[in-house]
Amino acid sequence: QSVARELGSGRMTGVRNPSGVVMSRVKNTVSTDELLTIFIDINGLDRDCASELWNLTQEQRKDVMAPGIYLQNVRNPSIAVKSRISNVLAGRP
């Protein structure tokens, strides 16, 4: 309830990218674990990929999600996320 109230606060009139504003508010309102659950759900990641994500540190999880919460223009979101995981573990942005 309080999360919904927090997300709904603020005006959206004249905003160019309303979904970007909402995602920014989500990131600032929920914990990293809650955000990871959202990330897994909205991208339909497979169990293997989800397991790899949960085995990362909090900071590594944030780094994997940093480029964007919603994956667009990818054929297989799980493979795209596994690539992000590999980059994070290798110290690449």
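## A question to start with

Which helices do the buried residues of H4 pack against? The buried residues of H4 pack against H3, H5 and H6.

## The whole chain

The chain contains 6 helices and 0 strands. If you follow it along the sequence, the pattern reads α-α-α-α-α-α. There are 93 residues in the chain, and 27% of them count as buried. Among contacts between residues at least 6 apart in sequence, 52% join residues at least 24 apart. The chain exposes about 6300 Å², and carbon and sulfur atoms supply 48% of that area.

How confident is the prediction? The chain has a mean pLDDT of 87, and 87% of its residues reach 70 or more. Among the elements of the chain, helix H1 (residues 2-8) has the lowest mean pLDDT, at 54, while H4 has the highest, at 98. Where pLDDT is low, the predicted coordinates should not be read in detail.

## Helix H3

Helix H3 has 12 residues. From its first C-alpha to its last it reaches 16 Å, close to the 16 Å expected at 1.5 Å a residue. Its buried residues are Thr32, Leu35, Leu36, Phe39, Ile40 and Asn43. Seen down the axis of H3, these residues fall within an arc of 140°, so they line one face of the helix.

Just after H3 you will find Gly44, which takes a positive phi of about 60°. Keep Gly44 in mind, as Ser78 is in contact with this glycine.

## Helix H4

In H4, the buried residues are Cys49, Ala50 and Leu53. They cover an arc of only 100° around the axis, which puts them on the same side of H4. At the start of this helix, a side-chain oxygen of Asp46 reaches to within 3.3 Å of the backbone nitrogen of Asp48.

Glu52 is also found in helix H4. Is Glu52 buried, partly exposed or exposed? With a relative accessibility of 29%, Glu52 counts as partly exposed, because buried means under 20% and exposed means over 50%. Leaving aside neighbours within four places in sequence, Glu52 is in contact with Lys82 and Ile85. Glu52 and Ile85 are 33 residues apart along the chain, and their C-alpha atoms are separated by 8.1 Å.

## Val64 in helix H5

Val64 has its place in helix H5. This valine counts as buried, at 0% relative accessibility. Which residues does Val64 touch, not counting those up to four places away in sequence? They are Phe39, Leu53, Leu56, Val81, Arg84, Ile85 and Val88. Phe39 is one of the buried residues of H3, Leu53 is buried in H4, and Val81, Arg84, Ile85 and Val88 are buried in H6.

One pair shows how the fold brings separate parts of the sequence together. Val64 and Ile85 are 21 residues apart in sequence, and 6.0 Å apart in space from C-alpha to C-alpha.

Asn73 lies in the loop between H5 and H6. Its phi is near 60°, a positive value in a residue other than glycine. Most residues other than glycine have a negative phi. Asn73 is exposed, with a relative accessible area of 81%.

## Helix H6

Helix H6 runs over residues 77-89, which makes 13 residues. It reaches 18 Å from first C-alpha to last, close to the 18 Å expected at 1.5 Å a residue. The residues buried here are Ser78, Val81, Arg84, Ile85 and Val88. They cover an arc of only 115° around the axis, which puts them on the same side of H6. Their cover includes helix H3 (32-43), helix H4 (47-54) and helix H5 (58-65).

At the start of H6, a side-chain oxygen of Asn76 reaches to within 3.0 Å of the backbone nitrogen of Ser78. Ser78 itself is buried, with a relative accessible area of 5%. Beyond its neighbours within four places in sequence, Ser78 is in contact with Gly44, Leu45, Asp46 and Cys49. Just after H6, Gly91 takes a positive phi of about 80°.

Key
Residues numbered from 1 in each chain as written. Heavy atoms only, no water. Helix = DSSP H or I, 4+ residues; strand = E, 2+ residues; numbered from the N terminus. Expected span 1.5 Å × (residues − 1). Buried < 20%, exposed > 50% of the residue type's maximum accessible area, 1.4 Å probe, protein only. Arc of directions from axis to C-beta. Contact = heavy atoms within 4.5 Å. Polar contact = N/O pair within 3.5 Å; in protein donor to acceptor, adjacent residues only side chain to side chain. pLDDT = per-residue confidence, 0-100. Areas by Shrake-Rupley, 256 points an atom, 1.4 Å probe, with all protein chains shown as cover.
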